[in-house]
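Here is a friendly walk through one protein model, meant to be read with the structure open beside you. We will start with its sheet and then turn to the helices.

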Amino acid sequence: MPKSHTKSKIPSRLLAFSYVPIDEVIVYADNPNTHTRAQIKKLQRSMRKFGWTNPLLIDDAGNLVCGHGRLEAARLNGETHVPVINLGEMNELDRRAYIITDNRLAQDAKWSKKLLRSELSGLIDLGYEVELTGFDTFEIDGILSIGEEEPEDEDNVELPANDAVPVARNRDFWKVGNQWLLMPATRRPSSACLQASGPS
């Protein structure tokens with residue numbers, strides 16, 4: 001293992017890559033992240049086009065840590081051996097937690113609608129079969145039909161404290177030029193009145 005001149009807080013692992021018989025990989029039956037049949041079909045199609053680009057992760061006992069969907073797609077594609085990265089020894093609690101972690105962290109990523117629209121449009125212009133990206137035809141049509149710019153982050157608004165003294169109260173009169181404004185007793189703007197003369 002290469003030596004580093006800086007101290008790392010990341011646990012070091014000797015990762016071992018290999019191909020193993022598909023039946024030797026032990027699926028975690030209580031994996032809370034489920035896969036629909038439609039998603040598995042997309043994975044099958046992707047793997048037939050691009051091959052294996054993301055190996056399964058297992059521990060040294062053969063327990064599957066990451067890649068339950070890919071494993072099922074490979075099985076349905078008729079594969080007998082699958083590529084794995086062996087993470088080495090992993091206790092049960094860490095393994096169960098990481099199965100959740102790996103799926104949960106991926107959910108925090110978000111699409112740039114503008115860039116996604118641009119990329120899909122470019123692929124279509126070049127005649128590429130864009131359904132291989134994982135988006136179906138209906139989703140792609142929706143993405144391409146939206147021409148709105150992405151909203152900017154909301155401005156931070158500093159709200160007054162709960163015990164702040166209000167500047168105006170219901171039924172207050174305010175002079176606006178040569179007119180008087182009666183503050184409404186409700187939230188409806190139509191209840192505000194401008195009077196030419198002062199309050200009676």
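## The sheet and its neighbours

In this predicted model, four strands form an open sheet in the order β1-β4-β2-β3, and the pairing is mixed. The edges are taken by β1 (16-21) and β3 (64-66); each has a single partner strand, so one side of each is left without a neighbour in the sheet. From one strand to the next, the twist averages 45°.

Which way do β1 and β4 run relative to each other, parallel or antiparallel? They run antiparallel, and six bridges join β1 to strand β4 (residues 81-86). S18 has V84 in β4 as its bridge partner, and Y19 stands opposite P83 in β4.

On β4 there is also the pairing with β2, which is in the parallel sense and extends over three bridges. Here L56 stands opposite V84 in β4.

Helix α2 lies across β2 (56-58), β3 and β4, and it runs at about 115° to β3.

## A separate hairpin

F173 stands opposite L182 in β6. How many residues lie between the strands of this hairpin? There are two residues between β5 and β6, and G177 takes a positive phi near 65° in the hairpin.

| Helix pair | Axes come within | Crossing angle |
|---|---|---|
| α1 (residues 37-50) and α2 (residues 68-76) | 9 Å | roughly 70° |
| α4 (residues 113-125) and α5 (residues 137-145) | 9 Å | roughly 115° |

Let us take α1 and α2 to begin with. Angles of 65 to 115 degrees count as roughly perpendicular, and α1 and α2 are therefore roughly perpendicular to each other. Their crossing is right-handed. On the α1 side, R37, I40, L43, Q44 and M47 make the contact, and they meet G69, R70, E72, A73, A74 and L76 in α2. By class, this contact of α1 with α2 has six nonpolar, two polar and three charged residues.

R48 is also found in helix α1. Is R48 buried or exposed? With 57% relative accessibility, R48 counts as exposed, because the cut-off for exposed is over 50%. From R48 to A73, the C-alpha to C-alpha distance is 9.9 Å, while the two are 25 residues apart in sequence. A73 itself is among the α2 residues that meet α1.

Now for α4 and α5, whose crossing is left-handed. Which residues of α4 meet α5? They are L116, R117, L120, S121 and I124, and their counterparts in α5 are I140, I143 and L144. By class, the contact of α4 with α5 has six nonpolar residues, one polar and one charged.

Notes: Residues numbered from 1 in each chain as written. Predicted model: local features only at pLDDT ≥ 70, side-chain atom pairs only at ≥ 80, totals over all residues. Heavy atoms only, no water. Axes fitted to C-alpha atoms, helices over the stretch in contact; angles between N-to-C directions. Parallel < 35°, antiparallel > 145°, perpendicular 65-115°, else oblique. Left-handed = near helix turned anticlockwise from the far one by under 90°. Contact = heavy atoms within 4.5 Å. Nonpolar A, V, L, I, M, F, W, Y, C, P; charged D, E, K, R; others polar. Pairing = 2+ DSSP bridges. Buried < 20%, exposed > 50% of the residue type's maximum accessible area, 1.4 Å probe, protein only.
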